[in-house]
Amino acid sequence: MKDTGDKLLIDVGSTYFKICAGDSIEQYMRDFNREILEDLMAKAGQLIARYQPADIRVCSSANGGLSALIIGVTRTFSLKYATNIAFNAGINIIDTILYQDIGNCSLPSDLVDVVIIVGGVNAHGGLFSRSLYRYMEQLQYSNVVYVGTERDAAAIQTNIPDVVVLPNIIDERLHIVEEHLKVYLTNLYQQDIEGKEDIKRLYEITANQIYSTPYIVNRALPVIDATFSVANPFILLDIGGATTDIHYSKDLVEDNIVTENGYDRLVFKRLGVYKSRQSLILAAQGNEFTYELLTHLKVTENIFKEQGERATKVLMQLAVFLVLCKMSHYRQSYINLKLLQINSIVLTGGITKVLTVAEIDVIIAFFYSKILTSDHRPVAVLDSDYAIWTLGARGSY
Amino acid sequence: MKVVTGVVGNDIHVVANRLIDLALRARGYEVFNLGVNTHLQEFFDAVVETGAQVLMISSLNGEAEGWGREVRLLRSQYTNLDDLIMMIGGNLVVGSGNGEDIAARYRNYGFDIACHQVDLNTGLDMLAALLRERGIQ
C-alpha cells in the first residue's frame, strides 16, 4: 500500500460528501439543487484547490450505479455466479430470470443498463432458443453480454444485436470464473460514470479514475485489522441514506461458490434512512418481528410517521435488524451467512453518526435471541471516522 | 455420456465420492462431480447446466431418506428433465432393513436404480444395463 498522506480523498455519497485530508475527515450534507461539482467546490473548494489533480482520489456511490438484469438457466449455478460477479463489480441487480420461466416474466418498465445472459458448461449446447430472443426484442436495454456456453455463442450473436460475447463464467468443473465478466462490468461502470454529466465533471478536479464506493470498501477488508480490533470472522454493514451494503468473508457462506476473492458483497438497494426511507418502512412493516422490536425499543409504529433524531435512530436500528434477517435462514435471500460463527459486526456509513454501540447491541441481542434463538452476541464495532473507506481509497491506486 | 454425481445432504463421505468418480471415468463416462454436502437442487441444476443424461447420487449416513422424499416434487419443477436417468446408492437408511424393500421405496421416490449396500461395480453394471435397455449410448 502506498503512502498517501498528502492525498485528498473524496467520497460522493447519496446524502453526504466525505473529504479526507491527512488525518482529518470532514462531512458535508449535499445540496440536491446544485450540481455535484458545484456543490462540492462551494463546500470544500479552498481545500481542493490546495491539491494537484493527481493527488485527489474520488469515489462515488451517488450516481445510482448500473442496473443489471440477469437471465440464467439455473439458480444455484448460472444465476448465482453471475449475481455474485455483478455485486462484486458494484452493479445493482434489478431482477434475475430463470430461463425456463422467461415466457411468463414481465418486462422491467425502466431501461436496463446491462443484461447478462448465462448458462451451461462449454460441453453442453442448445440451451437458448426463440423464447430468449423474443424476450430480448421487447426489453429496453443499453448493453447485453453473453457469458454462457461457447457452443451457443454463435446463435446468440446471430439473434441478439450488439451482444458482447465473453468467456463462460462456468468452467468444466462447474466452478465460477470471475475475471472476464468482472472486468467488463467494472469498465461499463466506468463508462457509465463518464457518461453521467454530474459525475463526469468531477474529472475536472482529479486525474485518477473514479471508482464506486463499494468497490473501494471491499478492497479494505483484507487489511481491516490494521485499523480496528476486529475479531474474525466478521461482517461489514454499510448502511447509508439510499442503500445498504453487506461485505462478508467467503468462509461465512454455506455455498457452492469457490472464488479467489476472500470477500463478497451483497446490496440491498432500497434500504436506507434518507432516500430509501419509505421502502425501509415498507420492509419493516412486512416483518412479523418488527412490532415486537418496536415495543422492545419502547416506541410504537407511529415512529414511522415522525421525523427527527429519535425516528432516525429507530429506523437505523430497524435497518440493522432487517439486514441481519435477510442474511439468515429466517428470510432466505440471495445468500445465507453463518451468523452464529461471526464474532464482530463492523458498521460503517451514515449509521455510525446516528447510533451508539449500545443501541446497536440491543438490536444484535434481539436478533440473536428471537430469530436464531441463541445466546451468541457478536461485538459491534463502529467505523465512526470512515477509516475503512480511507483505508480502501489509499490502497486502490 | 455425461453423469452428474455427488453426496446428498449434510454428508461428508468424500472417499466414497472419489471412488465413484474414478470408477465412472474408468468406464468412459464424462463426470461432473459436485462433491460432498450437496443439496438436491444443486444436483438438478447441475444436470441442466451440463446436459447430463445420468444423475448418480450417493449417501452414506442416512441423509438420503429425508432428501429422497423431495425428489419427485423438485424434479417436477424443471421443464427439461423428462429423460434423465436417476440412480442412488450407498447406505440408504438409518439402521438396517431389507435391501429389496429399501430399493423399492427409493424407486417410488422417483429413482430408476436404487442400490442399498450394493458393490459399486455391480451398481455401475446395473446402470450400463439400463442405458442399453433404453437404447442410450
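How many bridges join strand β8 of chain A to β9(A), and do the two run parallel or antiparallel? There are 2 bridges, and the strands run parallel. Keep in mind as you look around that this is a predicted model.

**The parallel sheet of chain A**
- Five strands make up an open sheet with parallel pairing, in the order β6-β5-β7-β8-β9 (chain A).
- β6 (92–98) and β9 (164–165) of chain A are the edge strands; each has a single partner strand, so one side of each has no neighbour in the sheet.

**The mixed sheet of chain A**
- Another open sheet has 5 strands in the order β3-β2-β1-β4-β10 (chain A), and here the pairing is mixed.
- At its edges stand β3 (24–29) and β10 (211–212) of chain A.
- β4 (residues 56–60) of chain A is joined to β10(A) by 2 bridges, and these strands run parallel. Ser60(A) has Ser212(A) as its bridge partner in β10(A).
- Helix α12 (residues 387–395) of chain A lies across β1 (8–12), β2 (16–21) and β4 of chain A, at about 120° to β1(A).

**Where the chains meet**
- In chain B, 12 residues are in contact with 15 residues of chain A.
- α2(B) gives the most to this side of chain B, with 7 residues.
- By class, the side of chain B touching chain A has 3 nonpolar, 5 polar and 4 charged residues.

Note on methods
Residues are numbered from 1 along each chain as its sequence is written. Chains are lettered from A and ligands numbered from 1 in the order in which they are written. This is a predicted model: local features need pLDDT of at least 70, side-chain atom pairs count only at pLDDT 80 or more; totals for chains, interfaces and linings use all residues. Two residues are in contact if their C-beta atoms, placed from the backbone, lie within 7 Å. Helices (H or I, at least four residues) and strands (E, at least two) are DSSP runs, numbered from the N terminus. Ala, Val, Leu, Ile, Met, Phe, Trp, Tyr, Cys and Pro count as nonpolar, Asp, Glu, Lys and Arg as charged, and the others, Gly among them, as polar. Two strands pair if DSSP finds at least two bridges between them. Axes are lines fitted to C-alpha atoms, for helices over the stretch in contact, and angles run from 0 to 180 degrees between N-to-C directions.
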